[in-house]
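Visitor: Please take a close look at one part, the interface between the chains, and then connect it with the rest. I would like the cut-offs stated as you go.

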Amino acid sequence: MIQIKDLEFSYRKKNKLFTSLNVTFNKGQVYGILGHNGAGKTTLLKLIAGLLFPKSGDCNVYGFTPAKREPDFLEDIFYIPEEFEFPSLTIEKYVKIHARFYPKFDLSTMDHLLNEFELTGNSKINSLSFGQKKKLLIAFAISTNCRVLLMDEPTNGLDIPSKSTFRKIIASYFNEDRIFLISTHQVRDLDNILDTLIVIEKGKVIFNQTVGDIQENLCFKKVKNVDDTPNVLFADKEFGGYSVLTNKSGTDETKIDIELLYKAINSNSALVNNAFEQKNNSHE
Amino acid sequence: MNKYFSLKRFSHLLKREIHINIKRDLLIIGAMYSLFTLVIFLVFEFSEEVYNEKFFEEFHFVTYIIMLFVGSVFITSFSFIELRDKLKSHFYLLTPGSNFEKFLVNILISFLGYALFMLISYLIYSSIFNWITWELYQLPFKPLNIASSDFLLVMQIYIIAHSVFFLGAITFKKYPLVLTPIAGFILLTLFSVINNIMAKLILSDMSADNQFDNMGLSEFFLGYEGLAKATVFYVGPLILWFIAYLKLNEKEH
């Protein structure tokens with residue numbers, strides 16, 4: 001479990017990014033972290049990885065303090081940054097040198113994932129495109145079998161088939177012991193793989209709900225006219241009508257439109273969160 | 001497993017470091033040898049200077065020291081090079097190993113590894129050099145003599161130089177090779193200025209040495225010469241290495 005309590009962080013003394021961040025990530029969940037540029041998504045991932053140190057407050061990852069960067073902690077966490085540069089080696093050499101640091105590293109998984117991503121072991125990493133390098137890093141990260149996998153914009157640079165492969169891989173290699181945190185702007189790439197959606201704005205968590213709760217409380221529809229639709233929380237005009245987010249009234253489950261939900265939260269997070277509270281109150 | 005040091009992790013880190021950075025280090029050493037060979041043979045070819053016995057005796061010792069120091073400055077300044085690149089530093093910081101192990105690996109390569117490599121490679125180089133210069137120019141160069149009394153002093157200065165540039169390598173985000181000597185010069189100048197001001201304030205005279213003599217302090221300090229040398233040659237580098245280790249612990253992305 002990852003527990004963040006009253007965390008304060010700033011890059012500069014005057015501009016505090018997080019003033020009192022409180023959030024918990026439970027094992028067995030794939031979290032999607034959304035937010036505007038500069039909202040603090042990447043910073044949050046770096047704080048969890050121990051790449052940045054909080055000014056105050058607690059960050060606890062499976063009992064470890066990330067800022068100490070203890071070897072046992074580092075063996076169980078992997079961070080895929082948005083941008084990175086590999087050393088000048090072949091894939092085989094890179095894997096050989098780095099796999100030994102991770103006690104749970106599975107070479108057969110690595111081989112399988114390299115095949116899935118159409119990469120060959122004897123290729124020089126520097127001759128690969130950015131997308132191919134990203135695929136290599138994703139394959140390596142999954143193969144480490146780390147309990148915590150932090151991914152910052154993992155689908156940036158991936159072509160369309162690879163995005164689909166990525167979703168398939170995340171779904172296949174996720175298990176109840178692991179926590180995956182995926183920060184992204186490309187919400188459509190996370191379709192069907194998320195368990196919980198978290199939205200961060202101005203250093204605060206403004207939305208934190210599981211997919212189950214979202215399906216239970218909200219309804220995503222396409223309508224021709226908003227005025228005829230009851231309980232509308234948010235409407236987005238599009239060609240031929242509107243995409244609307246409403247309170248759920250019936251029992252039918254609708255497919256979650258993360259993009260629409262994200263826009264609704266950005267437009268009025270209190271209204272969207274209220275939909276969950278209303279439902280909870282009515283249950284009580 | 002021990003969270004500060006494990007031989008297994010240390011050897012993994014050492015192998016990683018060698019695979020990723022050794023090519024650059026070897027290029028530096030190779031370039032140094034090549035440049036020196038080229039220059040010295042051009043000198044032999046075109047110079048009409050008459051060399052004396054001392055020249056043949058000390059040639060390799062002086063050359064070895066120059067190469068040892070020049071190479072050390074470069075190689076030590078390239079320590080922790082991944083930390084200076086935003087696109088690479090997260091890989092380094094998150095590689096499972098303690099900061100102490102990462103610190104030791106860099107010391108081992110840039111200090112002991114380099115010194116040992118230079119010694120062996122120079123012994124081989126000087127033998128080949130002597131053979132060629134004898135065959136081509138009949139110049140009787142003597143082999144490198146590390147049993148010389150000056151060798152200990154050279155190694156002591158080498159330790160100080162390493163610790164200074166090692167600290168510079170982890171302190172400066174860019175151009176430590178240039179910034180370390182500049183920072184060192186500024187610090188020494190400041191120290192010297194403060195020293196002079198203090199001498200003037202306390203002894204009311206800039207000629208502190210004379211005042212020391214008048215007060216009998218010179219003799220007092222001479223009694224501690226050994227201690228002073230030990231501090232400069234051994235304690236000083238240890239302190240600088242320790243500061244470098246603390247700086248590594250503080251590194252963020």
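Guide: A salt bridge here is a side-chain nitrogen of Lys or Arg within 4 Å of a carboxyl oxygen of Asp or Glu. Between chain A and chain B the count is two salt bridges. B:K88 forms a salt bridge with A:E85, with 3.7 Å between the closest N and O atoms. The model is predicted, so to speak of local features a pLDDT of at least 70 is needed, side-chain atom pairs count only at pLDDT 80 or more, and totals for chains, interfaces and linings use all residues. Residues are numbered from 1 along each chain as its sequence is written, chains are lettered from A and ligands numbered from 1 in the order in which they are written, and side-chain values use heavy atoms, with hydrogens and water left out.

Polar contacts come next (a pair of N or O atoms within 3.5 Å; within protein, one must be able to donate a hydrogen and the other to accept it, and residues adjacent in sequence count only if both atoms are side-chain atoms). Chain A and chain B have seven residue pairs of this kind, both residues at pLDDT 80 or more. On the side of chain A that touches chain B, α1 (41-49), α2 (71-74) and α3 (91-99) of chain A each supply at least two residues (helices being DSSP runs of H or I with at least four residues, strands runs of E with at least two, numbered from the N terminus). The most comes from α3(A), with four residues. By class, this side of chain A has 18 nonpolar residues, one polar and nine charged (Ala, Val, Leu, Ile, Met, Phe, Trp, Tyr, Cys and Pro count as nonpolar, Asp, Glu, Lys and Arg as charged, and the others, Gly among them, as polar).

In contact terms (heavy atoms within 4.5 Å), chain A and chain B contribute 28 residues each. The area buried between chain A and chain B is about 2,600 Å², with 63% of it from carbon and sulfur atoms; buried area is the accessible area (1.4 Å probe) that two parts lose on being put together, summed over both.

The contact takes 14 residues from domain 1 of chain A and 10 from domain 2 of chain A. These two domains bury about 970 Å² between them, 61% of it on carbon and sulfur atoms. A:V187, A:L197 and A:V199 supply 41% of the area that domain 1 of chain A buries against domain 2 of chain A, more than any other three residues. Across this domain interface there are two salt bridges. A:R188 forms a salt bridge with A:E259, the closest N and O atoms being 3.0 Å apart. Strand β8 (residues 196-201) of chain A gives the most to the side of domain 1 of chain A that touches domain 2 of chain A, with four residues.

The C-alpha trace of chain B spans about 65 × 60 × 30 Å along its principal axes.
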